[in-house]
Amino acid sequence: AGKQHRRLSSGLFRYQVDAQRRLIGGAVSNVGNLRAWALKELRLSDDPAALERALASRQFPHHGLTILPFWTGERAPSWPEAKAGTITGLTYATTALDVLQALVESTYHRLAQIADELERQIGSRGLDIVVSGGIRKSPEALQRLANVLGRPLRACTEPEASLRGAAVAVCERMGFRITPLRAGKRYAPNRAAARAYADARVAQIALEKRMETRSP
């Protein structure tokens with residue numbers, strides 16, 4: 001615990017888990033809340049299966065929208081806590097489904113920036129990404145996330161990952177042997193989609209910088 005550690009990027013945090021282990025990461029606003037807002041305010045279908053099919057047919061960001069998903073503030077990687085959400089690129093042809101898709105993707109772009117920061121921090125590429133939470137119920141969302149990240153990922157097989165982590169920490173201290181979780185389904189990014197999303201992420205970063213220069 002007394003070792004010197006590389007200075008963290010301002011977009012990341014470090015938690016001291018115990019005397020031997022530290023957790024480095026980043027935090028974002030809840031994509032589930034933003035999705036719920038879109039379903040309610042844009043009056044989209046509340047049929048999960050219908051939405052899953054509709055979004056699964058839209059593998060690329062052809063909607064032309066760039067969004068800063070700061071509806072409830074934001075944290076990593078740039079911590080713009082006081083800023084409001086922004087949508088650019090709206091036209092008469094824009095649909096409610098376009099906005100939902102772009103809004104979800106905008107939060108994934110923030111995760112992609114965090115992944116980039118983590119790789120710079122640890123000095124290597126090739127994060128082992130395991131996804132937990134409600135998103136693990138949606139193959140469409142997991143595939144889109146892999147495409148936006150430009151990295152493969154796996155769905156966690158544990159429905160309550162945080163709860164299990166707390167239990168594991170306690171059980172380890174009590175001397176119990178912990179059985180590792182089995183690997184979940186793997187989702188590999190579509191290369192063409194990943195390139196399109198990388199360009200969209202550049203646009204999001206540029207928009208955030210433009211908004212920073214505006215007077216309050």
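## Surface and charge

Accessible areas come from the Shrake-Rupley method with a 1.4 Å probe, and for residues only the protein chains shown count as cover. On that basis the protein exposes about 13200 Å², of which carbon and sulfur atoms supply 54%. This is a predicted model, in which local features need pLDDT of at least 70 and side-chain atom pairs count only at pLDDT 80 or more, while totals for chains, interfaces and linings use all residues. Residues are numbered from 1 along each chain as its sequence is written, and side-chain values use heavy atoms, with hydrogens and water left out.

There are 33 positive and 20 negative side chains in the protein, and the centres of the two sets lie 5 Å apart. Here Lys and Arg count as positive and Asp and Glu as negative, without His or the chain ends, and the charge is placed at NZ of Lys, CZ of Arg, CG of Asp or CD of Glu.

## Overall fold

Six helices and seven strands make up the secondary structure, where helices (H or I, at least four residues) and strands (E, at least two) are DSSP runs numbered from the N terminus. In order from the N terminus, the elements run β-β-α-α-β-β-α-β-α-β-α-β-α.

Of the 216 residues, 35% count as buried, a class that means under 20% relative accessible area, with exposed over 50% and partly exposed in between (1.4 Å probe, protein chains only). Among contacts (heavy atoms within 4.5 Å) between residues at least 6 apart in sequence, 71% join residues at least 24 apart.

Gln204, found in helix 6 (residues 191-212), is buried because its relative accessible area is 2%. Residues up to four places away in sequence aside, Gln204 touches Thr66, Ile67, Leu68, Pro69, Ser106, His109, Arg110 and Gln113.

Thr94 lies in the loop between strand 4 (86-88) and helix 3 (96-122) and is also buried, since its relative accessible area is 19%. A polar atom of the Thr94 side chain lies 2.9 Å from the backbone nitrogen of Thr91, and beyond its neighbours within four places in sequence Thr94 is in contact with Leu65, Gly89 and Val99.

## Backbone exceptions

Most residues other than glycine have a negative phi, and most peptide bonds are trans. The bond from Ala76 to Pro77, however, is cis, with omega near 5 degrees; Pro77 lies in the loop between strand 3 (66-68) and strand 4. Trp79, found in the loop between strand 3 and strand 4, has a positive phi near 55 degrees and is partly exposed at 33% relative accessible area.

Arg43, in the loop between helix 1 (31-41) and helix 2 (48-56), has a positive phi of about 55 degrees and counts as exposed at 77% relative accessibility.

How values were computed: A polar contact is a pair of N or O atoms within 3.5 Å; within protein, one must be able to donate a hydrogen and the other to accept it, and residues adjacent in sequence count only if both atoms are side-chain atoms.
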